[in-house]
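This report describes the contacts and the fold of one protein chain. The sequence and the model are shown below.

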Amino acid sequence: VRNLGALEYLKRETKIPLIGDFSLNVTNSHALSYLSGKGLETINVSYDLNQEQLLDLVKHGDPSTIEVTIHQYMPE
């Protein structure tokens, strides 16, 4: 799920598990909790987080809902 409109639509129209895309830009535990409460099973957190910020998010959020991209191909 890449945006809140898609989340609402997919919740109504499908029964598939919903996974939040990095483009939701989740950077704190409040956003993580909010989106989890809206029906996302897991959320790929923002690429902008550094190690300290990511560990803080894991500490204050629900780690079972967090997905982290550890490698992303960047075209030249």
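## Salt bridges

The count comes to 2 salt bridges, a salt bridge being a side-chain nitrogen of Lys or Arg within 4 Å of a carboxyl oxygen of Asp or Glu. One of them joins Arg2 to Asp21, with the closest N and O atoms 3.1 Å apart. Arg2 belongs to the segment before α1 (4-13) and Asp21 to the loop between β1 and α2 (29-37), so the pair ties together parts that are 19 residues apart in sequence. Helices (H or I, at least four residues) and strands (E, at least two) are DSSP runs, numbered from the N terminus. Arg2 counts as exposed at 53% relative accessibility, whereas Asp21, at 21%, is partly exposed. Here buried means under 20% relative accessible area, exposed over 50%, and partly exposed in between (1.4 Å probe, protein chains only).

Lys11 and Glu8 form a salt bridge as well, at 3.7 Å from N to O. Both residues lie in helix α1, 3 residues apart, about one turn of the helix. Lys11 is partly exposed with a relative accessible area of 37%, and Glu8 is partly exposed with 32%.

## Basis of the model

This is a predicted model, in which local features need pLDDT of at least 70 and side-chain atom pairs count only at pLDDT 80 or more, while totals for chains, interfaces and linings use all residues. Residues are numbered from 1 along each chain as its sequence is written, and side-chain values use heavy atoms, with hydrogens and water left out.

## The sheet

An open sheet is formed by 3 strands in the order β1-β2-β3, and the pairing is parallel. Two strands pair if DSSP finds at least two bridges between them. The edges are taken by β1 (19-20) and β3 (66-67), each with a single partner strand, so one side of each is left without a neighbour in the sheet.

Strand β2 (residues 42-44) runs parallel to β3 and is joined to it by 2 bridges. Ile43 has Ile66 in β3 as its bridge partner.

## Core residues

The largest nonpolar core has 13 residues, of which Val26, Leu32, Leu35, Leu40, Ile43, Val45 and Leu57 touch the most other members. Such a core is a set of buried Ala, Val, Leu, Ile, Met, Phe, Trp, Tyr and Cys residues joined through side-chain atoms within 4.5 Å. Leu57 touches Asn28, Ser29, Leu32, Val45, Leu49 and Ile66, not counting residues up to four places away in sequence; contact means heavy atoms within 4.5 Å.

Ile66, in strand β3, is buried with a relative accessible area of 15%. Leaving out residues up to four places away in sequence, Ile66 touches Leu32, Ile43, Val45, Leu57 and Val58. The C-alpha atoms of Ile66 and Glu13 are separated by 24 Å, and these residues are 53 apart along the chain.

## Loops and the aromatic pair

The structure holds 1 aromatic pair. Its members, Phe22 and Tyr47, are stacked, at 4.2 Å centre to centre and 5° between the planes. Rings of Phe, Tyr and Trp (its six-membered ring) pair if their centres lie within 6.5 Å; planes under 30 degrees apart count as stacked, over 60 as edge-to-face and the rest as tilted. The pair links distant parts of the chain, 25 residues apart: Phe22 in the loop between β1 and α2, and Tyr47 in the loop between β2 and α3. Phe22 is partly exposed at 30% relative accessibility, and Tyr47 is partly exposed at 37%.

Ser46 also lies in the loop between β2 and α3 (51-60) and counts as buried at 6% relative accessibility. Ser46 touches Phe22, Asn25, Val26 and Thr27, not counting residues up to four places away in sequence. The side chain of Ser46 reaches the backbone nitrogen of Asp48 at 3.0 Å. For such a polar contact, a pair of N or O atoms lies within 3.5 Å; within protein, one must be able to donate a hydrogen and the other to accept it, and residues adjacent in sequence count only if both atoms are side-chain atoms. Asn25, in the loop between β1 and α2, has a positive phi of about 60° although it is not a glycine.

## Helix ends

Asn28 caps the N-terminal end of α2, with a side-chain oxygen 3.0 Å from the backbone nitrogen of His30. Gly39, which follows α2, has a positive phi near 115°. At the start of α3, a side-chain oxygen of Asn50 reaches to within 3.1 Å of the backbone nitrogen of Glu52. Of the 10 residues of α3, the number buried is 1, so this helix lies largely in the open.
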